[in-house]
Amino acid sequence: MTEIQGSADWPQDFCGTVRLFPLPNLVLFPNVLQPLHIFEPRYCDMLAEAMSSDRLIAMAFLHQGWEHKYLQRPAIATGVCVGKVISHSPTEDGRHNILLIGMKRGQIIEELDTDNSFRKATVKILEDRYPIEDTGGRGDLTDRLRKLFASFVPAAMSSDNDMLMHEAPLGQLTDHITHVLNLPLKVKLRLLEEPNVDFRCRLLIRCLEQQLERNGVTEASFANEFPPKFSQN
């Protein structure tokens, strides 16, 4: 099969319309690479259209109860990550292996009625926001997050991530750690939906602190208590 490679540049003529790929077990983040296997006919159609135009696909999260309406339009979260196909390998049986890189946070404004077999929506792109008033404490946030991350990963893995840990901006660092760690999907979704980098980092820090304090928590208890209560200190 022929593998098609593409660039990871954001299209300058982005019109605000995206193709939706809803899944119940994945939350994609900007700057994260995600391999996907496409086989359902409607999503093969989605991929074909993407490959013939801007290569963009927005990963959406299916809400609980999606199983009963999977072939229709089950409810999805409004927060999405718009990704771009940078590698495409079709298989002999009509399936597709792709590599999607997360590009931008997005918020669904309106889902569209179309003749397509797959879903589409208009989205508002959410760029990372760095509040000016919190500039002074951002270094402390970064240091705290790095130390917490080191508590959750083996030394070898920490070493592999050393360059990112020390050179990436806080927004990218927060997204990378959220992606790497085995956090509940509802927690990951809440962090995806937050464009305020400092607040997003604080939420992640508090979640990791709680997990360390309890020596592990269940997905249900973690999700039910999110966002976490902040310390009075």
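Here is a working chat about the predicted model above.

Biologist: Before we start, what sort of model is this?

Modeller: A predicted one: local features need pLDDT of at least 70, side-chain atom pairs count only at pLDDT 80 or more, and totals for chains, interfaces and linings use all residues. Residues are numbered from 1 along each chain as its sequence is written, and side-chain values use heavy atoms, with hydrogens and water left out.

Biologist: How many helices and strands does the protein have?

Modeller: There are 8 helices and 7 strands. They are DSSP runs numbered from the N terminus, H or I of at least four residues for helices and E of at least two for strands.

Biologist: And what share of the residues is buried?

Modeller: Buried residues make up 48% of the 233. Buried means under 20% relative accessible area, exposed is over 50%, and partly exposed is in between, with a 1.4 Å probe and protein chains only.

Biologist: How many aromatic pairs are there?

Modeller: The structure holds 2. In Trp10 and Phe14, the ring centres are 4.8 Å apart and the planes are at 55°, so that pair is tilted. Rings of Phe, Tyr and Trp (its six-membered ring) pair if their centres lie within 6.5 Å; planes under 30 degrees apart are stacked, over 60 edge-to-face, and the rest tilted.

Biologist: Which is the other pair?

Modeller: Phe21 with Tyr43, also an aromatic pair that is tilted, at 4.6 Å centre to centre and 45° between the planes. Phe21 lies in strand S2 (residues 17-23) and Tyr43 in helix H1 (residues 41-51), so this pair ties together parts that are 22 residues apart in sequence. Phe21 and Tyr43 are both buried.

Biologist: Back to Trp10: what sits over its ring?

Modeller: The charged end of Lys104, 5.6 Å from the ring centre. The rule is NZ of Lys or CZ of Arg within 6 Å of the ring centre and within 35 degrees of the ring normal. Trp10 itself is partly exposed, at a relative accessible area of 21%.

Biologist: Staying with H1, is Met46 buried or exposed?

Modeller: Met46, which lies in helix H1, is buried, with a relative accessible area of 0%. Leaving out residues up to four places away in sequence, Met46 touches Arg19, Leu20, Phe21, Ile57 and Phe118; contact means heavy atoms within 4.5 Å. Its C-alpha atom is 7.9 Å from that of Ser117, 71 residues apart along the chain.

Biologist: New topic: how do H6 and H7 cross?

Modeller: The axes of helix H6 (residues 185-192) and helix H7 (residues 197-214) come within 10 Å and cross at roughly 160°. That makes H6 roughly antiparallel to H7. Angles over 145 degrees count as roughly antiparallel, under 35 as roughly parallel, 65 to 115 as roughly perpendicular and the rest as oblique.

Biologist: Which residues make that contact?

Modeller: From H6 come Val187, Arg190 and Leu191, and from H7 come Phe199, Arg200, Leu203, Leu204 and Cys207.

Biologist: What about H5, how many of its residues are buried?

Modeller: In helix H5 (residues 170-180), 8 of the 11 residues are buried, so H5 is largely enclosed by the rest of the structure. Among them are Leu173, Asp175, His176 and Ile177.

Biologist: Last one: where is Arg55, and what is its phi?

Modeller: Arg55 lies in the loop between H1 and strand S4 (56-61). Its phi is positive, about 65°, although Arg55 is not a glycine. Arg55 counts as buried at 15% relative accessibility.

Technical notes:
Axes are lines fitted to C-alpha atoms, for helices over the stretch in contact, and angles run from 0 to 180 degrees between N-to-C directions.
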